[in-house]
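Subject: A structure for you to look at

Hello,

Please open it next to the text and tell me what you think.

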Amino acid sequence: MIHLGTQYYRPPFPNERYWEDDLRQMADAGLNTLQLWVVWAWVEAQPDVFRFDDYDRLVELADKHGLEVLLSTIAAIHPYWIHRVVPGSEMVDNFGHKVVSSNRGEVHFGLTPGGCFDHPGVWERMQQFLTATASHYREAGNLYGWDAWNELRWNVQADGLVCYCDHTVARFRDWLDAKHGGLTGLNEAWQRRYTSWEDVLPGKVPDRPYTEMMAFQDFIAWRSVQHAYDRYAAIKAVDGDRPVTVHGAQPTVLHGSDSYPTATALHRGNDWGFSERIDGVGTSSFPKWGGLEMDRAQFINRIDFSASARQGKRLWLSELQGGRSNIGFSVAQSVDAASQQSWVWTGISAGADAVLFWCWRDEVFGRESTGFGLAGNDGLAEERLTAMRRTGEVLRTHGEFLRAYEPEAAQVGVLFSPQAYYLYWAQEGTARVPLAAIQGYTRALVRQNIPYRIVEEGHLDALEGLKLLIVPRAVVMDEPVAEALADFVRNGGVLFCESETGSFSEAGLYRYPEDRFLSRVTGVREVGRRRLSSESISVTLAGSTYVLPAAQWLTPMVEAGGDEAHAALLKRVALGDGRVVFCGTYLGDAYMEAGPRRGQAFEAFLLALATRAGVERPATVVSVTPGDGDFVHVKVGSAPVGAQGERPLAFVFTPSPETNVVLAFRQGTFGERVVDLLSGDELPVREVEGQQRISLGPTAWGVAVLAGS
Ligand SMILES: [Zn+2]
């Protein structure tokens, strides 16, 4: 089944008098799962005394109303006694100041950030809480699973970069030692002359040498992944069969926006690291947060970013906006049912098997008070719950089928380089620019209905089956990655690289153009940075000319022995059975800046690039009315049925419920008819020009789920 549920209890709210009625209404609204925040400080207010009476009552009530329970262990909210019982366990910031913890902005009782989990005494206490909780609920018949780490929070309200305590710095040195095989290895990699590990310091602030700042960020990301494993292992040791996941406040790719002085890039870890061992990854999503609103492409990208990292494991929409997100004394836009249902079904279309709302009732505490309730007071609760009932019914009827569904594998990849994020952050205090580069390409791909996946540089198995790999702003690239990309090309792939790919090593040291790996294997090199005199460049691909938005600088290219007079901004070169296309500027983030009208040429260019690489789109839009320039998103996949059969499935997302659209699918996608699982309508499939056409619309929410027979 697909779990459709809601977060309910963040102790001690909502008050017990609401519980029975609320849970009855949840079940009535088609939900099947209840999530509870099990807060360490609340449960173990007194050392070694664990109180679960309120949770016991809720788990029992959930059972009565046919709801399964998901427990979210909030081990980041430390008991007030932590520093008393574990002396010297405070985090230390980058200026050497002991961090003063305080009550969390959105949690009523407990300390944040609390003690440093690199202190063995803190971890021992935290583990004891996780073990006690898992032991207490292991026998609960309606327990579905665990979310072991909510939004990967460990350093919020530290009010500076952390952690620089003795335990963490010692661990940093151990990590370097293991990575480089001793101090000599480190000296070789960093080109330094250390004589003692004590002299090896973590990076302190941006705009100092890149080397140790990049290394420290990489370490902090790794350390978060290890901490997730530790939490996972603690629960799994007690409750081995149920799923245990962790979830980010956002997908890892989007953590490029983390900025000095609050946090380094990827400080909360890496989804690809989590899914190596943990049962699933997830993300929170608040598409109508405060006064900001994500557009449709942004939301679809967000879910795709998480889905790309799951490596065959579960994908959870661990927190999805329930109702209006008022922050402080504000009135944000209400959450309409159609938008909300399109978020839910976007998740399912990407392979999610759990969608959990934040939250059921409006919050009562702090800056989140009056906000977020699925059943809250933003004026639209009734339409939301009516729609949810319909989705609940569809999930009850077709749950097994939808659970078995997998989206079709993408043929286009977009490289995500954490190392490039670290380098940008080391210089600028944020990795927003390389993030915007990835966002630009993925937005254009979604708008053109070209399925893609993010390929993380440490997990290059994901290159398998790709025809085109886009490499946006990967300014850091060392030999193993470059070697794998070159092999991808030699085996027939097309690699599209932006300016200065691999111009720095992981040690943060600059490489001359001719020393970069891809230059060495292709003979094409950049002549150096030249100033960008206009905001666009003109390039020719397959006989067509495109005027494309460009950013930052130009690095024209020449072939071996060529002189600058013959340098070009787009250079295609064969390598083995494939080719490398070098682009001497930055297009992705420039497209994001340029906006939809100036960006059209970029989308056309990208489509031509993909088509030339042999990429086939599973579905294309023949016509859309009204055609206001917005896009129709289609996700195609299938679910296994019987011994070897497959049942095709296509999720269609239109700009609005009123939209009418004609779609063309590849020959053989469907039989003679499809049924829209949401409306129950049967739709004919017409064979036109070697494709299968389906007309649909208007729809209830701008969503259709087309299942073949
Ligand atoms: Zn520490």
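Let me begin with a question: is Leu266 buried or exposed? Leu266 is buried, with a relative accessible area of 0% (buried means under 20% relative accessible area, exposed over 50% and partly exposed in between, with a 1.4 Å probe and protein chains only). Leu266 lies in the loop between β7 and α9 (271-277), and its phi is positive, about 60 degrees, although it is not a glycine.

Some background before the rest. This is a predicted model, in which local features need pLDDT of at least 70 and side-chain atom pairs count only at pLDDT 80 or more, while totals for chains, interfaces and linings use all residues. Residues are numbered from 1 along each chain as its sequence is written, and side-chain values use heavy atoms, with hydrogens and water left out.

The overall picture

The protein chain has 17 helices and 30 strands; these are DSSP runs numbered from the N terminus, with helices being H or I of at least four residues and strands E of at least two. Its radius of gyration is 26 Å, close to the 27 Å that the globule rule gives for 709 residues, so the chain is as compact as a globular protein of that length. (The radius is taken over C-alpha atoms, and the rule is 2.2 Å times the number of residues to the power 0.38.) Buried residues account for 63% of the 709 residues.

The barrel

Eight strands form a closed barrel with parallel pairing, in the order β1-β2-β3-β6-β7-β8-β9-β10; two strands pair if DSSP finds at least two bridges between them. The twist from one strand to the next averages 30 degrees. Strand β1 (residues 3-9) pairs with β10 (residues 354-358) in the parallel sense over four bridges, and Gly5 stands opposite Leu356 in β10. Helix α12 (residues 381-404) packs on the sheet and touches β1, β9 (314-321) and β10, where contact means heavy atoms within 4.5 Å.

Gly282 sits in strand β8 (residues 280-285) and is buried, with a relative accessible area of 0%. Leaving aside neighbours within four places in sequence, the contacts of Gly282 include Val246, His247 and Trp316.

Two helices

Helix α6 (residues 166-180) packs against helix α8 (residues 210-236) at an angle of about 100 degrees, with the axes 10 Å apart. That makes α6 roughly perpendicular to α8 (65 to 115 degrees counts as roughly perpendicular, under 35 as roughly parallel, over 145 as roughly antiparallel and the rest as oblique). Axes are lines fitted to C-alpha atoms, for helices over the stretch in contact, and angles run from 0 to 180 degrees between N-to-C directions. Among the residues that meet are Phe172 and Trp175 in α6, and Phe216 and Trp222 in α8.

Most residues other than glycine have a negative phi, and most peptide bonds are trans. A cis peptide bond joins Thr625 and Pro626, with omega about -5 degrees, and Pro626 is in the loop between β22 (619-625) and β23 (633-641). The peptide bond from Gly697 to Pro698 is also cis, with omega near -10 degrees.

Best wishes
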